[in-house]
Amino acid sequence: MNFLAHIYLSDNNDFIKIGNFMADGIRGNDYLNYPDEIKKGIILHRYIDTFTDANEIFRISKHRLHERYGHYSGVIVDILYDHFLAKNWSNYSDESLTSFVYSFYQSLEDNYDVLSPKTKRILPVMIEHNWLESYASVEGISKILYQMDYRTKFKSKMQFAVEELEMFYSDFENEFTLFFEELRNHVKDKLVELNEL
């Protein structure tokens with residue numbers, strides 16, 4: 001899953017959200033250097049990634065892209081699934097997407113001192129271009145995919161995946177809906193376990 005889903009799945013704990021958000025840039029046991037609630041977020045992120053990689057529904061979405069994008073197909077599906085979460089946000093939250101996103105940006109700024117170096121670097125750009133809310137439109141996803149392609153020096157061809165998104169839109173959306181329901185149920189149990197630590 002990509003940024004928005006990781007943050008959403010962190011319940012209402014700002015520090016778990018922050019840990020979950022920045023976990024990709026934290027290697028191995030380096031997570032032990034962070035406060036307890038942020039550690040929980042990093043552990044939760046890793047749990048979500050493991051669950052996602054092994055999930056059959058996610059694999060169906062990924063397989064649709066594999067021939068054209070190879071090992072980047074999983075990254076692309078993560079981004080596409082964030083699109084469907086953002087687009088259908090009212091199905092998952094009583095809080096508006098705008099309010100949720102800006103509260104999270106504020107939380108990152110308020111807790112700047114505990115952020116990883118990578119998170120500190122991307123934060124201004126993320127807020128300026130409002131990455132999280134931009135996921136809700138196909139145009140926003142197209143820009144994100146282009147930026148990801150740029151970071152691979154255009155080797156990944158990810159910018160073109162918006163073509164598959166539009167071609168198989170309902171298939172991806174249905175797969176996301178089924179997958180996300182499974183994931184949410186598993187994450188609820190994991191959060192209970194983490195909060196008992």
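Student: What is the volume of the second largest pocket?
Tutor: About 320 Å³. A pocket is an open set of points on a 1 Å grid over the protein atoms alone, where a 1.4 Å probe fits, with protein on both sides within 12 Å along at least five of seven lines. The volume is the space filled by probe spheres set on the points.
Student: Which residues are closest to its centre?
Tutor: Y8, L9, D11, N12 and Y92 are the closest of the 14 residues that line the second largest pocket. Lining residues have an atom within 4 Å of a point.
Student: Which helix gives the most to that lining?
Tutor: Helix α11, residues 169-195, with four residues. Helices are DSSP runs (H or I, at least four residues), numbered from the N terminus.
Student: Is this an experimental model or a predicted one?
Tutor: This is a predicted model: local features need pLDDT of at least 70, side-chain atom pairs count only at pLDDT 80 or more, and totals for chains, interfaces and linings use all residues. Residues are numbered from 1 along each chain, and side-chain values use heavy atoms, with hydrogens and water left out.
Student: OK, the largest pocket. What volume does it have?
Tutor: About 720 Å³. Of its 28 lining residues, N2, F3, K118, M148 and R151 are the closest to its centre. Helix α7 supplies the largest share of the lining, five residues.
Student: Is F21 buried or exposed?
Tutor: F21 is buried, at 3% relative accessibility. Buried means under 20% relative accessible area, with a 1.4 Å probe and protein chains only.
Student: And F3 with W131: stacked or tilted?
Tutor: Stacked, because the planes are at 5 degrees, with the centres 6.3 Å apart. That pair links distant parts of the chain, helix α1 and helix α8, 128 residues apart. W131 is buried too, at 12% relative accessibility.
Student: How many aromatic pairs are there in the whole structure?
Tutor: A search finds 20.

Key: Helix = DSSP H or I, 4+ residues; strand = E, 2+ residues; numbered from the N terminus. Phe/Tyr/Trp six-rings, centres within 6.5 Å; stacked < 30°, edge-to-face > 60°. Buried < 20%, exposed > 50% of the residue type's maximum accessible area, 1.4 Å probe, protein only.
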